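Dear colleague,

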Amino acid sequence: MKSLALIEQHAHCNIQGKKMAAPVGVETSAAISINPQKESTTMEEKEIEIVLMTITPEMAQSLIDIGSPNRPLRKQRVIRYADDMAAGRWVLNTESIKTNPIGEVADGNHRLNACVMAGVPFTTFFARNVPNSAFVTFDSGIGRTLADKLYMRGVKNAMTVAGALTSVWAYDQGGVWNDSQNVRATHREALAFYKRTSPRAWDDAVTHGRLVRKLMRGTHAAAAHYIFQRVSPGKADEFFLKLHSGANLHEDSAILLLRNRLTANAANDQKLPSSMIMGLVFKAWNLYLAGKGIKQLRLGSNEPFPVVEGFNDED
């Protein structure tokens, strides 16, 4: 088959584990040979060979053309992978492209399609002759969530930070609060965003978000505090402290009116959508920051989502 011939041209591996020709830019490696438990068919008796190699878009397309017994493609995943490959963010790990004894791709279709879409090569481990009986074991482990990855990096309150972090990232992409979640950060994008920010700012956001957890979702409150503190950390703290206590607020205070709306919503079986809640929170923040009173806090159906005033992401 054409694809197998291309693979052989780029990685001369054998079952004794001798040195092989390495792809350009990749250190020379030895093929690893694994002899799986014998099964009833000759096709299943081939030894598994694993090699480190660089797959070009041409090689990826040839493998795709053979066909696959794999699951249907998820288009958005292919796009995310392709974006990472094109931007040079794709990182080599121990995940491999796997083919069965007749050369069909058993695992790695999304990566191969992303390679073709991006038009750039990527380096990966490549496993050949994986028996069909092993397919049911693929992806059977529990995947690491963003919260897991933040926790592994020593982030406090990783679950809340993960939710707030992705909300802030999505807000920064378009300046609106997105209920449909069709603007969503990959883990790599979210972690890169976190790395550019202050851990203390997230600690403060979580702390003040917890104050109003009976009024609104904690991750959303933490996200709002984080966005507001980019304008004024002190004012952001005051806003949430007053929203929590409700004490000494004038009847035309935007914070008091927001507190009343959130209290009523919490007691109602039919909840407001998060975009409406966050729109009210942002609008109340702008009024509070400007020192303006208001008789009624509402967000009209045709009213654009409030922009947080005073923040410039180039500062």
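Trp202 and Tyr226 are both buried, buried being under 20% relative accessible area with a 1.4 Å probe and protein chains only. Please keep in mind that this is a predicted model, in which local features need pLDDT of at least 70, side-chain atom pairs count only at pLDDT 80 or more, and totals for chains, interfaces and linings use all residues. Residues are numbered from 1 along each chain as its sequence is written, and side-chain values use heavy atoms, with hydrogens and water left out.

The rings of Trp285 and Tyr288 have centres 6.4 Å apart and planes at 45°, so this pair is tilted; rings of Phe, Tyr and Trp (its six-membered ring) pair if their centres lie within 6.5 Å, and planes under 30 degrees apart count as stacked, over 60 as edge-to-face and the rest as tilted. Both residues lie in helix 12 (residues 274–290), three residues apart, about one turn of the helix, where helices are DSSP runs (H or I, at least four residues) numbered from the N terminus. Trp285 is buried at 0% relative accessibility, and Tyr288 is buried at 16%. Trp285 and Tyr288 also belong to one aromatic cluster, together with Tyr171, Phe228, Phe239, Phe240, Phe282 and Phe305.

The axes of helix 10 (residues 233–245) and helix 12 come within 11 Å and cross at roughly 115°, the axes being lines fitted to C-alpha atoms over the stretch in contact, with angles from 0 to 180 degrees between N-to-C directions.

Best regards

Note on methods: Buried < 20%, exposed > 50% of the residue type's maximum accessible area, 1.4 Å probe, protein only. Helix = DSSP H or I, 4+ residues; strand = E, 2+ residues; numbered from the N terminus.
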